[in-house]
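Here's a quick tour for anyone meeting this structure for the first time. Have a look at the model below, then read on.

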Amino acid sequence: MNIDKIVILSLKHFTLSSIIEVAIPVPLHNTFDYLCDQKVSIGARVKVPFGQKKVTAIVLSHKQKSDFEKLRPVEKVLDQKSLLSKEILDFLFWSAKYYHHPLGEVLASALPKNLREGKPADIKKTSAHKNTLSPVTFDATTEQSKAIKSVLKSENNFHGFLLHGVTGSGKTEVYLSIAQALLKKGRQILVLVPEIGLTPQMIARFEERVGAKVVAVHSQLNETQKLDAYLMAKNGEAGVVLGTRSAIFTPMPNLGLVIVDEEHDGSFKQQTSFRYSARDLSFMRAKLANIPLILGTATPSLETLKNVVDKKLKRLVLSSRPGQAIMPEVNLIDMRNQTVEALSVPLVAKMKHYLEDNKQVMLFINRRGYSPVLMCGACAWQADCPQCDTHLSYHLKPRAILQCHHCNYMQPVPKVCPACNHEELLPIGHGTARIEESLNQLFPDYPVIRVDRDTTTRQDSWQKIYQRAHRSGAAIFLGTQMLAKGHHFPYVSLVTILDIDAGLMSADFRAPERTAQLIMQVAGRAGRGQIKGEVLLQSLRPDHPLLQSLGTKGYASFSKQALAERKIGHLPPYRYCVLIRAESQNELYNVDFLQFALQHWASFGEAEVDVWVAMAI
Ligand SMILES: [Zn+2]
Ligand SMILES: [Zn+2]
């Protein structure tokens, strides 16, 4: 036997078999230790045995010793180099801590599925989007130039800006100019948008203008596209990354600017499993990278306005619409005098007027499906969701079905009333599908384009909507608030919100804010370009203070008042809110747990904490 060889082998074993600490995507707050006999970097993926399964874990640290005696060995090292850089790891650690969510799940949620499943980190097809650079220049208004200069002045520092621009004031031009300047210096730009539907539009604007590769990150891409976009961002090849909320976790080594467009939008909040607000996280992302952050909107959220007051954000204002565009007139239709439920007589008359004049009309109702309630005509039984405390929505197409819009529970429509066997079940209230039916009857000569989650599931559906919107000629657009988000409809002259009362009378403390934002956003859809627009709101409460103050004094005055009310009411953004929610098949467990939590809370003796208890039984 060769003695030298034995010595070398044992030495090798001695120096390389070490302990590593890893994060595993399980709902547990601790990390796990394994033995590893290969060289492995922090931030790399390893395959490890966990219980009976094999899972993909992320290496967090090398350790000298572990608190556990029997450690299992790593099965395979998946990445030779670190996949998650220190910068992105720090950001993810902070996020997990801030939202009290298990680290392993947070790390996993930041990776594309292919990487979570342990597939190789290789790019399949580099050029996701063609770059057709044309040297477009634009004449910035004084306000736009001022905004661009302000942001560029802090290009190497963390600084938050609110770009507060009325709809049509050219916020995107400001984004593009700043991005262009930073890209020239080799920096990368991260742009968050609220809707997948908005990405193609925004990508096109960036591609037209900047000399860099633009990649999209959103849920409608296939897994290969998602992985390619992620890796191109990570290796610095992509200059611009554009995506919905989860794009906030994209690794970008040369990140130079974060933009959150339509920052007031609720969809930046993830409401399931790892709950986070991408808008709020954008502050920390920019802070860690020491770069500027821009939150853009025409209707800032109250949280953002408070940040302006507290000097955490600097407000940059774009108050005018470039060119000749005029802001629309906002009028109310008093529904107390109307016998019809959804489309009032004055509204139908107005629509007819605009359509006959070859103009386009847009209607909003924030309920999809046929009707929000199905009720028995004899005993008033209503179809309710067995999992939530809401009514099931009635859908007629593609097949008759009852669906819960909260948890997605579905069931067939009963032929007779389950409570009294009566044969007549009545749809109560109106969803987009039912309004579409009425519109087709009222205006058989004009096309009706419905835009809601049921009609936009296909990848090309938005494309078709845009094509119609960019062609002149009478048409009716009907949709949920999905339609209000930043899309450009140059030929629309009349915009209507059919169910404004739903927002005015909701129990949610944020409902008035959202309603005011919706009205302003919707008003922004009317009369762009040379055409003066008109906004009509149908309401049973035309004297409601919100409608009055918005109509006469505008959003700034409304938001000031709303912030003052939040302060008096001890509500966010002045206080933090924590929701403790119990869900169990057994009602008693829920009550027991909540009572335990309540007593536990009281034992803290914390005078500053108000506890509200609500139980839906
Ligand atoms: Zn009945
Ligand atoms: Zn449900």
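## The metal site and a few other spots

Let's start with the zinc ion (ligand 1), which takes its protein donors from the SG atoms of C376, C379, C417 and C420, all at 2.3 to 2.4 Å. Keep in mind that this is a predicted model. The four donor atoms sit at angles of 106 to 113° to one another, and the site of the zinc ion is tetrahedral. Read along the chain, the donors of this ion are spaced as C-x2-C-x37-C-x2-C.

How open are some of the residues here? C376 counts as buried because its relative accessibility is 1%, under the 20% cut-off.

| Residue | Relative accessibility | Class |
|---|---|---|
| C376 | 1% | buried |
| T172 | 15% | buried |

What does T172 touch, leaving aside residues up to four places away in sequence? Its contacts are M202 and R205.

Now for a pair of helices. Helix α15 (residues 511-525) packs against helix α16 (residues 545-568) at about 145°, and their axes are 10 Å apart. The crossing of α15 past α16 is left-handed. On the α15 side, the residues in contact include P512, I519 and M520, while L546, Y555 and F558 are among those they meet in α16. By type, the residues of this contact are nine nonpolar, two polar and two charged.

Notes: Residues are numbered from 1 along each chain as its sequence is written. Chains are lettered from A and ligands numbered from 1 in the order in which they are written. This is a predicted model: local features need pLDDT of at least 70, side-chain atom pairs count only at pLDDT 80 or more; totals for chains, interfaces and linings use all residues. Side-chain values use heavy atoms; hydrogens and water are left out. Donors are N, O and S atoms within 2.8 Å of the metal (3.2 Å for Na, K and Ca); water is not among the atoms, so sites may look incomplete. Four donors count as tetrahedral if all angles lie between 85 and 135 degrees; four count as square planar and six as octahedral if opposite donors are over 155 degrees apart and all others between 65 and 115; anything else is irregular. Buried means under 20% relative accessible area, exposed over 50%, partly exposed in between (1.4 Å probe, protein chains only). Axes are lines fitted to C-alpha atoms, for helices over the stretch in contact, and angles run from 0 to 180 degrees between N-to-C directions. Helices (H or I, at least four residues) and strands (E, at least two) are DSSP runs, numbered from the N terminus. A crossing is left-handed if the near helix is turned anticlockwise from the far one by less than a right angle, and right-handed if clockwise. Contact means heavy atoms within 4.5 Å. Ala, Val, Leu, Ile, Met, Phe, Trp, Tyr, Cys and Pro count as nonpolar, Asp, Glu, Lys and Arg as charged, and the others, Gly among them, as polar.
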